[in-house]
Every structure is written in C-alpha cells, then in structure tokens.
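Here is a short report on one protein model.

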Amino acid sequence: MRPVVSSVAEQIDDIDFYYVDVDESQEIAQQYGIQSIPVLILIKDGEEANRSTGFKPEEQVIEFARS
C-alpha cells in the first residue's frame, strides 16, 4: 500500500498522510483497534471518520481520502 498511498499523497496537498509501523508503534495500533493490515483510517477533527481494510487501488484511496 505504501507506493499507492505515497502517490496519492503527492497528488493531494490539503490532506496529511502518515504511516504507522504497528510492530514498532503497538500503542497506536491498540488505540485504534488495528487487527489487520493494511488499514487506512481517516481522522477528521481528532476523531475516526472512516476506515478501510485491505489493499486498495489508487483511485479508491483518493476517494477514501476525500470522503
């Protein structure tokens, strides 16, 4: 997913994208209840607004980010 998300991040300037290694950041994984990867979590105003699990092509990642 990283290459796809990196490409999308280059195309969308008004959204911040972050990567989290759940093996190294277990507290964050636990905080968001991440049980399978890859997972995209959309956070708006400090709250989870949407979640998508599994590989997504670039078009779907753009749609997800804009949701």
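**Core.** The model is predicted. Its largest nonpolar core has 10 residues. Those residues are Val 4, Val 5, Val 8, Ile 12, Ile 15, Leu 40, Leu 42, Val 61, Phe 64 and Ala 65. In soluble globular proteins, nonpolar side chains tend to be buried together.

Ile 12 is one of the core residues. Leaving aside residues up to four places away in sequence, Ile 12 touches Phe 17, Ile 62, Ala 65 and Arg 66. Ala 65 belongs to the core as well.

**Rings.** The count of aromatic pairs is 0. A charge does sit over a ring, though: the charged end of Arg 2 lies over Tyr 19, 4.0 Å from the ring centre.

The largest pocket has a volume of about 890 Å³. It is lined by 26 residues, and the closest to its centre are Tyr 18, Tyr 19, Val 20, Val 39 and Ile 41. At least two lining residues come from each of α1, α2 (26-31), β1 and α3. Strand β1 gives the most, with 5 residues.

Which class does Ser 7 fall into, buried, partly exposed or exposed? Ser 7 is partly exposed, because its relative accessible area is 22%, and buried would require a value under 20%. Ser 7 is placed in helix α1. Its C-alpha atom is separated by 9.9 Å from that of Val 61, a residue 54 places away along the chain. Val 61 is part of the core.

Asp 45 is exposed, because its relative accessible area of 82% is over the 50% limit.

| Residue | Relative accessible area |
|---|---|
| Ser 7 | 22% |
| Asp 45 | 82% |

**Backbone.** Most residues other than glycine have a negative phi, and most peptide bonds are trans. Two sites call for a look on that score. Asp 45 is not a glycine, yet has a positive phi of about 55°. Asp 45 is found in the loop between β1 and β2 (47-53).

Pro 38 is placed in the loop between α2 and β1.

How values were computed: Residues numbered from 1 in each chain as written. Predicted model: local features only at pLDDT ≥ 70, side-chain atom pairs only at ≥ 80, totals over all residues. Heavy atoms only, no water. Core = buried A, V, L, I, M, F, W, Y, C linked by side-chain atoms within 4.5 Å. Buried < 20%, exposed > 50% of the residue type's maximum accessible area, 1.4 Å probe, protein only. Contact = heavy atoms within 4.5 Å. Phe/Tyr/Trp six-rings, centres within 6.5 Å; stacked < 30°, edge-to-face > 60°. Lys NZ or Arg CZ within 6 Å of the ring centre and 35° of its normal. 1 Å grid on protein atoms, 1.4 Å probe; cavity = no way out; pocket = protein on both sides within 12 Å on 5 of 7 lines; lining within 4 Å. Points joined across faces, edges and corners; volume = space filled by probe spheres on them. Helix = DSSP H or I, 4+ residues; strand = E, 2+ residues; numbered from the N terminus.
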